[in-house]
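Biologist: I'm new to this one and would like to know where the labels come from. Can we go through it together?

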Amino acid sequence: MNSNPQPTDVSSFTKKDIRVVMMSCIVGTTVEWYDFFLYGMAAGLVFNKLYFPSDDPLIGTILAFASFAVGFVARPVGGLVFGHIGDRVGRKKTLVTTMMIMGIATFLIGVIPTHAMIGFAAPLLLVICRIAQGVAVGGEWGGAVLMAVEYASKGKRGLYGSFPQIGLAVGLVLGTGVFAFLGGVMSDASFLSWGWRVAFMFSAVLVGVGLFIRLKVMETPAFAKLEKAEARAVIPAVELAKDRQSRCNIILGMGARWAEGVAFNLWAVFIITYATSSLDVSQGTILTAVMVGAIIMVGVIPLMGRLSDHFDRRRMYALGVVALGILTYPTLLLIGTGNPLLIFISIGIVLGVVYPVVYAPEASLFAELFPTWTRYSGISVVYQISGIVASGMTPLILSYLLRESDGRIGSIVAYVLAVTVVSGVSALLIRRTDMFTEDTEDDKHRERSHKAPVGP
């Protein structure tokens with residue numbers, strides 16, 4: 001894998017090479033999402049008490065989720081900065097940098113003194129580290145997806161693109177698993193005092209493993225080909241803004257992304273706080289239920305990714321969006337019973353089985369919205385800017401709706417259904433002729449090669 005010059009064709013790599021690439025994508029995104037999700041879980045279980053204390057517990061939770069949302073506001077910055085670097089310098093170097101930033105920020109969160117110790121400086125330092133997490137994830141996701149998609153052999157973009165998506169599920173399993181384990185083996189007082197910090201400091205070990213694997217991977221053949229042809233974009237973001245097709249795809253991509261972000265943050269983040277604070281479900285029960293859903297997701301994601309290679313990705317995505325919307329009300333009702341078995345089954349279905357119908361093909365679908373020379377920037381803009389509202393604001397919005405409706409779930413269901421309509425229509429409005437699919441990408445790239453180079 002370290003031979004020179006850099007191969008520009010996927011067929012030049014062995015199956016072992018490809019396995020290392022896919023493993024680097026999975027491990028890398030696992031580390032990133034583990035770190036990112038820890039904050040989401042800690043926001044509703046720990047940070048609301050230690051860093052955002054309030055006489056009203058719900059106010060403290062809302063403030064903690066507001067700091068959670070800050071990470072999503074920072075993600076577009078990371079997407080633009082690292083998207084530019086990734087389109088100009090390469091995917092590999094960018095991904096190594098984002099992983100290091102994420103690991104350092106997460107470790108530091110584990111050692112920040114509480115509000116009782118240093119006052120206002122505590123939440124301020126926490127938010128700074130959260131911003132660093134957001135910047136890192138903003139650059140990580142797009143690069144990991146492209147590393148997988150641009151190594152894919154013909155007819156397997158959906159499958160290969162789903163591998164980095166597995167990292168979300170594995171990261172969630174690790175995050176909830178570590179929190180559930182620590183909460184189970186120690187008293188509530190010990191967990192709140194120091195136990196939760198262990199989960200954050202454990203990130204240093206995961207980052208070390210991730211960097212070891214990621215450094216073994218070569219640049220993607222697609223980028224190497226672009227570099228050899230001297231066809232890199234000078235300022236990718238400017239090219240995206242100038243191109244009508246790219247502008248349209250960005251808007252539709254962000255619209256389609258909305259429901260995916262809302263669904264995940266409803267069933268993997270908000271539901272933890274809602275179940276423990278409003279329904280009196282034990283912390284161990286809801287964390288384990290989310291973990292079970294994530295474990296199921298690990299096996300379902302590649303299956304759905306492969307199916308997206310055989311069916312129209314746009315329609316499959318829209319179908320998943322509609323299914324998630326329809327299941328919102330009955331799933332909340334089942335969780336509201338407080339019955340552990342029903343909670344496990346409901347979250348297992350909606351998060352483990354139905355959510356992957358949307359999340360698995362999302363990577364390859366969004367990657368095909370843009371050409372190689374602006375793809376890192378384009379996919380990062382779609383995923384990260386939409387993520388401010390779709391993901392980052394979701395726990396905050398749902399907490400507010402729950403408070404204003406005196407604990408009734410009707411307003412939450414209405415919000416989810418409205419998002420479902422927007423995302424479903426957006427996915428179906430993406431035109432296949434405006435996408436860089438395997439059948440059209442080479443022709444469009446040759447069309448660009450006949451023009452004057454825009455990169456050095």
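Biologist: Where is the place of Val353?

Modeller: Val353 sits in helix 14. Keep in mind that we're looking at a predicted model.

Biologist: Why is Val353 called partly exposed?

Modeller: Its relative accessibility is 36%. Buried means under 20% and exposed means over 50%, so at 36% Val353 counts as partly exposed.

Biologist: Which residues form the nonpolar patch on the surface?

Modeller: Val353 is one of them, along with Ile296, Leu334, Leu341, Leu342, Ile345 and Ile349. Together they have about 530 Å² of accessible area. Helix 14, residues 340-367, supplies the largest share of that patch, with five residues.

Biologist: And what makes Lys16 exposed?

Modeller: Its relative accessible area is 57%. Exposed starts at over 50%, so Lys16 gets that label. The residue belongs to helix 1, which covers residues 15-50.

Biologist: What does Pro395 touch, leaving out residues up to four places away in sequence?

Modeller: Phe65, Phe68, Asn265, Val269 and Phe270. Take Phe65: Pro395 and Phe65 are 330 residues apart along the chain, yet their C-alpha atoms are separated by 6.4 Å.

Biologist: What about Thr394: buried or exposed?

Modeller: Buried, with a relative accessible area of 0%. The cut-off for buried is under 20%, so Thr394 falls in that class. Thr394 is in helix 16 too. Leaving out residues up to four places away in sequence, Thr394 touches Gly261, Val262, Asn265, Leu266 and Val389.

Biologist: How many helices and strands does the protein chain have?

Modeller: There are 18 helices and zero strands.

Biologist: And what share of the residues counts as buried?

Modeller: Of the 456 residues, 59% do. The chain exposes about 17200 Å², and carbon and sulfur atoms supply 69% of that.

Biologist: What share of the contacts with a separation of 6 or more comes from residues 24 or more positions apart?

Modeller: That share is 85% in this protein chain.

Definitions and conventions:
Residues numbered from 1 in each chain as written. Predicted model: local features only at pLDDT ≥ 70, side-chain atom pairs only at ≥ 80, totals over all residues. Heavy atoms only, no water. Contact = heavy atoms within 4.5 Å. Helix = DSSP H or I, 4+ residues; strand = E, 2+ residues; numbered from the N terminus. Buried < 20%, exposed > 50% of the residue type's maximum accessible area, 1.4 Å probe, protein only. Areas by Shrake-Rupley, 256 points an atom, 1.4 Å probe, with all protein chains shown as cover. Patch = residues over 30% accessible without salt bridge, like charges linked within 9 Å, V, L, I, M, F, W, Y side chains within 5 Å. Salt bridge = Lys/Arg side-chain N within 4 Å of Asp/Glu carboxyl O.
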